Amino acid sequence: MYPAERHKWLVTTARDEGRVSVTQASERLGVVPETIRRDLDVLTSRGLLTRVHGGAIPAGFDLLGDQPLETRDSSAVTEKERIAQAAVDFLPSGRGAIILDAGSTMARFAALLSPSSQLTIFTDSAPVATSASTHSTCDVQLIGGRVRPTTQATVGNVEQFDRLRVEVAFLGTNGISVDHGLSTPDVDEAATKAAMVRCAREVVVLADSRKIGAESTTRFATLDDIDVLITDEGISEHQLKALKKAGVDVVIV
């Protein structure tokens, strides 16, 4: 196989699956790992990929670590607004109880609550709590704990969430993949998210397509734990088929 053919395969695989590993590429393309590493370095220098441990991810796809909330809030704005709007359809009727996770998409979702809504909302995010209480008459309860400056989420509150039982938990994630499930960089925040999953009858994940295929450090849920994923049209056909095969109801907006 010529270098140009390898390069095309590497870039296409990274875009379709969220990442490409040296081991995977070496086995599929029949060349030694050192050749793949050199190929990835070349593609990185051309701005087509970004090198990560063990492989590469699409260029501009820096979702494996924390980013400040204000930085994330200004990215993929149109997609996040459409995802938030679609999530409204999954709100329970009447006086049901829900969880709203922290995050820029979740704050947009909270702003779309009906002014007459009488839901009980539990959240680990002061910005989300403020948005929900400003735009609705919901009973908004902020679960306390140590505030993580990056995400503005409270952590160290697993026991409080474990005492709850809600109809729907609306969650965000740094990455979602078939192999690793849903993941986030911080161990404490992952523990809080896992507790949210445990206390909900239904779990709805709001994640723009850049996060599909990404894997962060700490898993907080498997695909079996979630019921619905709301994402945008940027999801690849490969990822869509894999998620549906895993039993996830994928809503594309």
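At what angle do helix α1 and helix α3 pack? In this predicted model, α1 (residues 3-17) and α3 (residues 33-45) meet at about 75°, and their axes are 10 Å apart. An angle from 65 to 115 degrees counts as roughly perpendicular, so that's the label for α1 against α3.

Next up is an open sheet of seven strands, all paired in parallel, in the order β6-β5-β4-β9-β12-β14-β15. β6 (139-142) and β15 (249-252) sit at the edges with a single partner strand each, so one side of each has no neighbour in the sheet. From one strand to the next, the twist averages 20°.

Zoom in on β4 (residues 97-100) and β9 (residues 166-171): three bridges join these parallel strands. Here Ile99 stands opposite Ala169 in β9.

## The nonpolar cores

Ile99 turns up again in the largest nonpolar core, which has 32 residues. Along with Leu182, Ile226, Leu229 and Leu243, Ile99 is among those with the most contacts inside this core. Helix α9 gives the largest share, five residues.

Now try Leu243: beyond its neighbours within four places in sequence, Leu243 touches Val178, Ile212, Leu223, Leu229, Ile235, Val248 and Val250. There's also a second, separate core of 22 residues, including Ile83, Leu100, Leu113 and Cys138.

Terms used. Residues numbered from 1 in each chain as written. Predicted model: local features only at pLDDT ≥ 70, side-chain atom pairs only at ≥ 80, totals over all residues. Heavy atoms only, no water. Axes fitted to C-alpha atoms, helices over the stretch in contact; angles between N-to-C directions. Helix = DSSP H or I, 4+ residues; strand = E, 2+ residues; numbered from the N terminus. Parallel < 35°, antiparallel > 145°, perpendicular 65-115°, else oblique. Pairing = 2+ DSSP bridges. Core = buried A, V, L, I, M, F, W, Y, C linked by side-chain atoms within 4.5 Å. Buried < 20%, exposed > 50% of the residue type's maximum accessible area, 1.4 Å probe, protein only. Contact = heavy atoms within 4.5 Å.
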